[in-house]
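Biologist: I would like to learn how to read a fold and its charged pairs. Can we go through one case together?

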Amino acid sequence: MSRPTALIADDEEAMRQQLRSRLHEAWPELDIVAEAANGIEAVALAGQHQPDIVFLDIRMPGLSGIEAARMLFNRCHLVFVTAYDQYAIEAFEQGALDYLLKPVGGERLKTTSARLQARIGQQPSDIERQLTQLLSHHGKAAPVRPDYLRWIQAVVGANLRMISTREILFFQAEDKYTRVQTEQSEVLIRKTLKELADELDPNEFWRIHRSTLVRVDAIQEVTRDLRGRQMVRIRNHPELLEVSRGHTHLFQQM
């Protein structure tokens with residue numbers, strides 16, 4: 001029996017590499033025959049390689065993953081790969097659609113792989129109704145929020161580490177680098193704080209000092225020290241972060 005084949009479509013190369021690596025661990029027999037950087041490429045490469053499975057990122061240029069899926073659903077089994085999106089998850093869970101949440105890994109990938117292995121050789125399900133519903137939800141959600149930075153790439157030794165912005169407590173400028181602090185660890189990156197401030201969702205990350213960006217929902221409390229300075233205490237982290245005078249308006253009740 002020939003080995004099952006798959007195509008990965010995501011506009012971020014690092015995400016394609018991560019999914020390829022995770023799939024190799026969860027399903028070594030699966031051959032990744034092609035990778036696409038957008039929905040148009042995904043449709044073209046699927047026609048060329050005829051894969052059994054296509055993994056589609058929802059947000060891609062050219063054609064979105066959902067639009068590409070409407071051209072592919074009767075030719076192969078589909079799995080959507082997405083960062084958390086309320087509208088998308090609601091639509092997924094109401095229908096017979098497979099999905100993976102970024103960062104990909106863990107039990108969800110094992111479950112999805114097992115389900116796909118059972119379906120190989122069968123006719124793909126008719127999911128046109130679910131795709132239409134998902135496209136409708138996605139169309140309402142897309143204009144509301146810009147495509148803010150969702151991942152930070154950090155070189156750690158010889159490895160490239162992908163850090164979800166949901167894990168980050170704060171960023172702090174340190175000389176030529178920027179420190180990225182999570183609950184478990186810290187790393188240094190070369191992206192400047194100004195670049196990060198421009199690329200991150202301003203409702204999720206606040207600049208409280210010229211050298212500090214903090215995740216809003218990581219703030220436990222704001223206090224004043226003996227010198228009258230506002231200090232931010234971070235949840236599950238011992239460090240106190242100073243709020244500069246130019247940013248005290250963020251905490252007007254104090």
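Biologist: Which strands does H1 lie across, and at about what angle does H1 run to E2?

Modeller: Bear in mind that this is a predicted model. H1 lies across E1, E2, E3 (53–57), E4 (77–82) and E5. Its direction is at about 170° to E2.

Biologist: In what order do the strands of that open sheet come, and is the pairing parallel or antiparallel?

Modeller: The general idea comes before the case. Strands in a sheet pair by backbone hydrogen bonds, in parallel or antiparallel fashion. Here five strands make an open sheet, ordered E2-E1-E3-E4-E5, and the pairing is parallel. E2 and E5 (98–101) are the edge strands, each pairing on one side only. On average, neighbouring strands of this sheet are turned by 20° against each other, direction ignored.

Biologist: How many bridges join E1 to E2?

Modeller: Five bridges join E1 (residues 5–9) to E2, and the two run parallel. For a point to find on screen, take Ala9, which stands opposite Ala36 in E2.

Biologist: Now the charges. How many salt bridges does the count come to?

Modeller: Again, the idea first. Side chains with opposite charges can pair when their charged atoms come close. The cut-off used is 4 Å, from a side-chain nitrogen of Lys or Arg to a carboxyl oxygen of Asp or Glu. By this rule the count is 16 salt bridges. One of them joins Arg16 and Glu35, with the closest N and O atoms 3.2 Å apart.

Biologist: Why does the pair of Arg16 and Glu35 tie together parts that are 19 residues apart in sequence?

Modeller: Arg16 sits in helix H1 (residues 13–26) and Glu35 in strand E2 (residues 31–36), so the pair ties together parts 19 residues apart in sequence.

Biologist: Does Arg16 count as buried or exposed?

Modeller: Under 20% relative accessible area means buried. Arg16 has 12%, so it counts as buried. Glu35 has 27% and counts as partly exposed.

Biologist: Which residues are linked with Arg179 in a network of salt bridges?

Modeller: Glu174, Glu186 and Glu239 are linked with Arg179 in that network. Within it, the side chains of Glu186 and Arg179 meet at 3.4 Å, N to O. Arg179 is buried, with a relative accessible area of 7%. Glu186 counts as partly exposed, at 46%.

Biologist: Which residue does Lys191 meet in a salt bridge?

Modeller: Lys191 meets Glu199, side chain to side chain, at 3.2 Å from N to O. Lys191 is partly exposed at 28% relative accessible area. Glu199, at 30%, counts as partly exposed.

Biologist: Now zoom out. How many helices and strands are there in the protein chain?

Modeller: The protein chain has seven helices and 15 strands. Of its 254 residues, 45% are buried. The chain exposes about 13600 Å², and carbon and sulfur atoms supply 47% of that.

Biologist: What share of contacts between residues at least 6 apart in sequence joins residues at least 24 apart?

Modeller: In the protein chain that share is 55%.

Definitions and conventions. Residues numbered from 1 in each chain as written. Predicted model: local features only at pLDDT ≥ 70, side-chain atom pairs only at ≥ 80, totals over all residues. Heavy atoms only, no water. Helix = DSSP H or I, 4+ residues; strand = E, 2+ residues; numbered from the N terminus. Buried < 20%, exposed > 50% of the residue type's maximum accessible area, 1.4 Å probe, protein only. Contact = heavy atoms within 4.5 Å. Areas by Shrake-Rupley, 256 points an atom, 1.4 Å probe, with all protein chains shown as cover. Pairing = 2+ DSSP bridges. Axes fitted to C-alpha atoms, helices over the stretch in contact; angles between N-to-C directions.
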